[in-house]
Amino acid sequence: MGRGKGGFGGKSKRHANTSAIDAGLKHLESAANSSFDSGNIDNAERLYRKILDAKPQSASTLLKLSSICGLKNESVEQQYLLERLLSIKPDSFVACFNLGTIALQNGNENKAVLLLERAHRLNPNDTDCRYNLALTY
């Protein structure tokens, strides 16, 4: 018996070519970064959200979008995005520092100390981190 066209050894449909998707995301990220750098925050936010829809584990996108939320005083969403970033990149100084600073601002000194001490271990030379850590003590 013959196998017929597309039988054993044929290309699997499960292994779709992701290079086109990756190229599209890189283009989106480049456009989002350009918008962010030029001060077009609303467009940058829209593009970063589009990237997260396709690639929810993008650390750089989570970081940029959390920065935008900080600029817009959307601290709840900023905290959520930073926590997501920290869950996929536990050694992120920026996530630890920013979450620690948010905790300090919210009066949660215990959480602030833990996060800022962690950030300090990751980057002991950062003066802002040392200052915020001193404030929590």
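## Salt bridges and a buried helix

With a relative accessibility of 31%, K72 counts as partly exposed; that label sits between buried (under 20% relative accessible area) and exposed (over 50%), using a 1.4 Å probe and protein chains only. This is a predicted model, so local features need pLDDT of at least 70 and side-chain atom pairs count only at pLDDT 80 or more, while totals for chains, interfaces and linings use all residues. Residues are numbered from 1 along each chain as its sequence is written, and side-chain values use heavy atoms, with hydrogens and water left out.

What does K72 pair with? Its side chain meets that of D42 in a salt bridge, 3.0 Å from N to O. D42 sits in helix α2 (residues 41–54) and K72 in the loop between α3 (59–71) and α4, so the pair ties together parts 30 residues apart in sequence. D42 itself is exposed, at 53% relative accessible area. Helices here are DSSP runs (H or I, at least four residues), numbered from the N terminus.

The count comes to five salt bridges, each being a side-chain nitrogen of Lys or Arg within 4 Å of a carboxyl oxygen of Asp or Glu. Among them are these:

| Salt bridge | N to O distance |
|---|---|
| D42 and K72 | 3.0 Å |
| E45 and R49 | 2.8 Å |
| E83 and K111 | 3.5 Å |

Bridges with shared partners join D42, E45, R49, K72 and E77 into one network. Within it, E45 and R49 are both in α2, four residues apart, or about one turn of the helix. E45 is buried at 10%, whereas R49 is partly exposed at 29%.

Now for helix α5. Ten of the 13 are buried, so α5 is largely enclosed by the rest of the structure. The cover includes α4 (75–88), α6 (109–122) and α7 (127–136). From α7, N132 touches F97, T101, L104 and L116, leaving aside residues up to four places away in sequence; contact means heavy atoms within 4.5 Å.

The structure holds one aromatic pair. F93 and F97 are stacked, 5.8 Å centre to centre with 15° between the planes. Phe, Tyr and Trp rings (the six-membered one for Trp) pair if their centres lie within 6.5 Å, and planes under 30 degrees apart count as stacked, over 60 as edge-to-face and the rest as tilted.

How values were computed: Helices (H or I, at least four residues) and strands (E, at least two) are DSSP runs, numbered from the N terminus.
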